[in-house]
Structures are given as C-alpha cells and as structure tokens.
Amino acid sequence: MTFLERTTRPENLRSWRGDVEADYLYTSGVAGERFFLGLRDAGKILAAKCDACGLTYLPPRMYCEVCMGPLKTWTEVTGPATVEGVTVTHVDEHGDRLAEPQVWAILRWPGIHGGFVHRLAVEPAKAKPGLKVRPVLKPRKERVGNITDIREFAP
Amino acid sequence: MSEKVKTWPGVELSAKEFYGKVTSVKFRPEAKFSWSAGEAMSRFLMELKEGRLIARTCRKCKRILFPPRMFCEECFRPTDAWTYVKDTGTIETYSISYIDLDAKRITDPVYVGVVSVDGASPKMGLMHFFGGVTPETIRIGMRVKAVWKPPAQREGSVLDIVHWRPLKEGEG
Amino acid sequence: MRKVACIGAGMTLFRRRLLETGKEMCWEAARMALDSAGLTIDDVDAVVFGSAPDAFDGIHMKGENLLDGCGGVGKPYVRVFTGGGTAVFSPIAGYWHVASGAFDCVLVVNEEKMSSCQPHPQSVFGHIWDPILDRPLKPNLVWIFAMEMNRYMTVHKVRYEDVAAVAVKNKRNAVAHPCAQLADPNITVDDVKNSEMMAWPVRRLDISPPSDGASALVIASEDFVRKRKVESPVWFSGVGWCIDTTMWTDRDLYFPEYLARAAKMAYKQARIDDPRKQIDFAEPYDPFDYKELHHMEGLGLCKKGEAPVLTREGVTQRDGDLPTCPSGGLLGVGNPIAATMGIKVGELYWQLSGQAGKRQIPHEIHTGVTNAWGDLMQFSSVVVMRA
C-alpha cells in the first residue's frame, strides 16, 4: 500500500536545511585525569594493573573489564613500543587532500593490554609492522594534559 | 543496603574545576542536514507562501488532519484528499517564555502556544506565537487570527505567519 | 512466564558535574549492584544498558562505548532507549530477558553524562523538535512543559501553590537520600513562588536539574533466587509501556492517555483493579512538580484533578497514606535522565526490601508502582513490584 498521491515535479519538493550541533567538553575521568597529569607534568606514560586477572591496561582505567574489579596498581610504561600496523593517510577528516601524507600506527608494548594509535615519524615507504619506536614528547611548557602531548613516535 | 554503604561513588566537580582545572577535550561536531520535507510538508510550505493553510482528509475516521500528512496514524492507511482550512482558531494552551532556546534570559517575553485551527478536526493544532496580548488578556479559549507577512516576504515557512492575534468583533 | 525479581541495586552520586567518564560511572553503579547482591560479573548472563540521546554525552553509539563499564564485554548486550522513559523501561527490558527463560541473571545499567554538553543540555534538547513545524520558532523545551502545565492547571483549576507543594515535599524528602543533588530541608512554597520565571507558569524551582550519574540493578529468575538463597528479593508483578503520536499539538495535554494505557497493562498483569487501595506507595516520574500530579492521575492513583487535593492533605508525604516519591524524586535527588532508574525502580527495591535507611516508609508496605516518561510528551513505562 502506498500514498494515493505523488508529486511528479521535483521543483515542488522542498528540503529544509538545519544543523544538529552542540559544543562538548569531555572530562578525562578519574583514571584519565591521573594518566594525563602524569603525561603533562612528569612526561610519563602510566598503565594500571588488575591484580586478579594479571592484565595491565593502557590507557589505564578505574576498573578491569574482565572481572569488574577496581584497578589499584599503577605502573610506568617504559621502553620501546612495537608497531603492530600502519596506514598512510592522504585526506583529512573532512575528506580534503593533505599537503603531505601522514603515517599512523597501532603501537603496543610487551606485557601491556592495549596500546595507542598515534603518528609515526617515519617516511611512508619505510613504515611497516615490527619497527621499534619511542614516544617523542612536546616540551613541558607545551604539554596540556592531552594525547597530543606526545607529538609522535620515532625509531 | 542503603545503610551498609559508607561512601556513595562520584567525584563532584565545581564549575571552576570543570572549566579550568581538570584535563579535558573540546569538540564541536559538524552535523548539517538537509531534511526532505516530503509530500505533505512540501505542499504545506508552498501553500503558506500563498497565504493559505492546507490539510488532508481521512475518509475512514473522517478527520481533517492539520498539519497535513500522507497517512492517517490512527487508521494506518493513506490519507485521501487535500482541503483548505481557515486561518482563524482557538488557543488550546500557551506559555509566556522569558528564556531563549539556549536557556538564556530575554527581556521581552515570547508568547507561544498551540492554536487549534478552524476547519480542521477538533484539537488539531499548530504551535505558534501570539501577538497583541498581555499576561492579563491571554487565556485558553481565546479566539485568534493569523497575521501574515506581506506576500513578497513569504518564503514557504511557518514563519510566513508572524503570529496569531485576538479576533476583532465581527471577524471569523 | 517465569517469576522475576530484583536482587540488588547501586547508584552513584547525582551531581551537575562529575569527574568520572561515562564508563567510570557505569562501573561504579554496576559494581555496587553486584556487591549488594553478593555476585561477581561471572554470575551475570547478559547486560541491558539504558541511556537517553547520544547527544547529551556527545558520544555517538554511546551504548557500545560504555559497555565495558557495564560488564558487557563478551556477553549478550543490548541498549534500549525511550528518552526519559528509559529509567523504567530498561528494567522492563531486563525483565523480558529473564521472564522469557533466555537468561537467569541480568545486569541492567543506566547512565547519563549531561555535563559534557555546552553551554547547557538545553541546546540539544532542542533537536527533538520538528525541523519544519517547530524549530523555526526557536523553541526552548521548557515551553512545552509550560504549555502542558498551563493546560492541566486550567482544566482542573489548580492553584500554583498546590503544584509548588510537590517541589517542597520532594526536595525535603531528598535530605534522606545519600546521592541527592538538590536536597533542601528548609525549602518552602514561597521559595518556589519567588524563584526565577522561566516560561510562565514554570519557575526555576519547579524544574529538576540536569545531572551526571549512573545506576544499576541485578535482575534474576525465581530459580536463581532459590538456588543462591537470595535474601529479600523484590518481585516484578506487572510491567507496561505505551507511546502516543509525536503530533503533540493534536492532543489535549491535560491527561496522559499513554500512561493510563501503560498502567492498565501493568495492573492487569499484577491483578490490580483498584490502584488507590491496592498500591501502598508510588514513585511517579517528577522532572517537574506538576508532572507528579499529572502522573498520579495517569496511574489511576486518584481521580482526574484530585492529585493536588491529596498533596494538600498530606496523603503523599512519606508517613501519609500514599507515600509518593519517598526517594526525593528527580526534583530533590537529580535528573540524569535514564540513571534516575536508581530513584524509581531502585527506590521500589530498596523500600520493599527494607533497605531504604532514613527514607524507609514508617509503616508496612507490600506493593509499589513507578513510572517514567519520555520523548516529546509521548511515552510512559510502568512497573509494579511486590515483596
């Protein structure tokens, strides 16, 4: 069954323009606040361990997603990360072409559950899984408590 | 359990801490839309531009549906025909607003409410503004008439009606 | 259909702004609910999550984002959403999971983080309006509550003082709630009358605040209750829900027809034919003070137009004949939309299991009813519980 009338002249069909917008401010949370202050003030990457399940979470959280217990033990993540996967992007988030291609990677540390997606300071042709890289932090006065306080990862 | 719990979880933040102290990320999604008005609303808007109000009829429940729609939601069948309704009506309910859409205060209050339109089924209403009224004169049950923008200023929008004003003696 | 009980509950503080992310709030409430029932996450077969629009938290696909805080990783997980009605609707969805025989123990978690939305959640409430008919008028959602309140008061000739008395009762009741955001032991009807006019006839103290918060319930089958020797289970005795057309301008707003239908459905299942006599206390949804009155009538707890009289006579006080919103309601405890489950179905559980602490109704109670309300004045969910 369908409508009993249908417009045949497209200029008679109207569209109505508008937006569905708002501004947002997201807090980092109880665990996130501690992580970002550690990054901003001490230049450290912190993780949190579930003593019951043996998983060390990065980014750190308040709770273990497996046993739903609280995470009380915090540790620093040191040493190089390993690139698990890479991509080279040629367009930005709006679909416009970038002046220079950007290299992005999934980064993991041994014994750590989780990791980061972040910029890789490597030429596109040389970017591949298996590379060992370290975080390059912005100078202290430029760090604000944001994931971009890490500028990139480099070999 | 209420009594056994010693501390209830939650770390409260003051406005100052929320905006100035804790780490946070700001974001504004860019979500722009072009909604298709559809069959019924397209005709409704076109008729508004001509200074007229149009409705649809449902032969089964015999209602005259305003604003118009291509299906009757009670009988769950397509509606049957177009029909014009008047631009006079009755105030079903109203409010006098001292806040704008972002909840900021405004000094000149806005009179807004629901008008049930003459010629449509009882209580078939439209939300719109009221003018030429005061907090003392406006009331539920007041008879009102649409005040239209001059033809050259109409765009095919509910704002082609400026507001609804009290009916004068001898009108409608 | 199997018998289904609530065996545990938890909630966070309700505040205008909490530091916790949405996930962290979910975990805090879920953990408390599990602890209160003496269970671990491994005892839970499935998770139901409830939350109002993604637009408040500002995270698209909010349910998926929050599921790990709800204990849902690797489990059957579903999100339900009926706007403000979610507070009572997600427990109903949890009920379906167990009553159907599909699961024995279900965790229901509800959350809302309204502080993320700038400058005020009102900005996204505005997206509920029809883009062509309503938004060109630049409406504020308070307008529609004001219009409904005006219609209700005009049809029944209700005095503003009787409506304001509900805000006073609930904000005072909230003093006994440990999570309350707006409790006030000294508030009077004059305070409400003198508060800032928002959209006539609604004033600032007639409205519940936006809040951050989360709540959780553990719902289980009769078998589970018996095997685990659960103390003080509180049974779901009737559930109902109903929605009306979005063409709200076609409806006479003085009476919520959709709530009466939802209540009829729940009462039929609960074998209640005289709600005023057979129900001992109520937690109607009270985002505005007039809504408690509106909903009491929709729930059939009194005749149309009679709710203000019951309030004036003290019948709805915590020690009255029909205690109404003994929790302090949304007006006193706060309004993190879906998370108000903690002060609706959660309150029924805590009252009927004798665990409501300073809020405990001082006389014998066996049956309670609650409702929630959502969308554009359209939807209601109803739950009747018995101990």
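Residues are numbered from 1 along each chain as its sequence is written, while chains are lettered from A and ligands numbered from 1 in the order in which they are written. Since the model is predicted, local features need pLDDT of at least 70 and side-chain atom pairs count only at pLDDT 80 or more, whereas totals for chains, interfaces and linings use all residues.

Let's start with chains C and B. Here 48 residues of chain C are in contact with 42 residues of chain B; contact means that the C-beta atoms, placed from the backbone, lie within 7 Å. On the chain C side, helix 1 (22-37), helix 5 (122-125), helix 6 (141-156) and strand 6 (197-200) each bring at least two residues. Helices (H or I, at least four residues) and strands (E, at least two) are DSSP runs, numbered from the N terminus. Helix 6 of chain C gives the largest share, seven residues. By class, this side of chain C has 24 nonpolar, 15 polar and nine charged residues.

To pair, two strands need at least two bridges found by DSSP. Look for Ser97(B), whose bridge partner is Ala199(C).

Now turn to chains C and A, where 24 residues of chain C are in contact with 20 residues of chain A. Helix 1, strand 5 (117-118) and helix 5 of chain C each give two or more residues to this side, with the largest share, five residues, coming from helix 1. Again there is a strand pairing, with strand 2 (residues 23-27) of chain A antiparallel to strand 5 of chain C over two bridges. Asp23(A) has Gln118(C) as its bridge partner.

Within chain A, four strands make an open sheet in the order 5-3-4-8, with mixed pairing. Strand 5 (73-76) and strand 8 (113-114) are the edges, each with a single partner strand, so one side of each has no neighbour in the sheet. Strand 5 is joined to strand 3 (residues 46-49) by four antiparallel bridges, and Leu46(A) has Glu76(A) as its bridge partner.

Leaving aside residues up to four places away in sequence, Pro80(A) touches Lys132(A), Val133(A) and Arg134(A).

Note on methods:
Two residues are in contact if their C-beta atoms, placed from the backbone, lie within 7 Å. Ala, Val, Leu, Ile, Met, Phe, Trp, Tyr, Cys and Pro count as nonpolar, Asp, Glu, Lys and Arg as charged, and the others, Gly among them, as polar.
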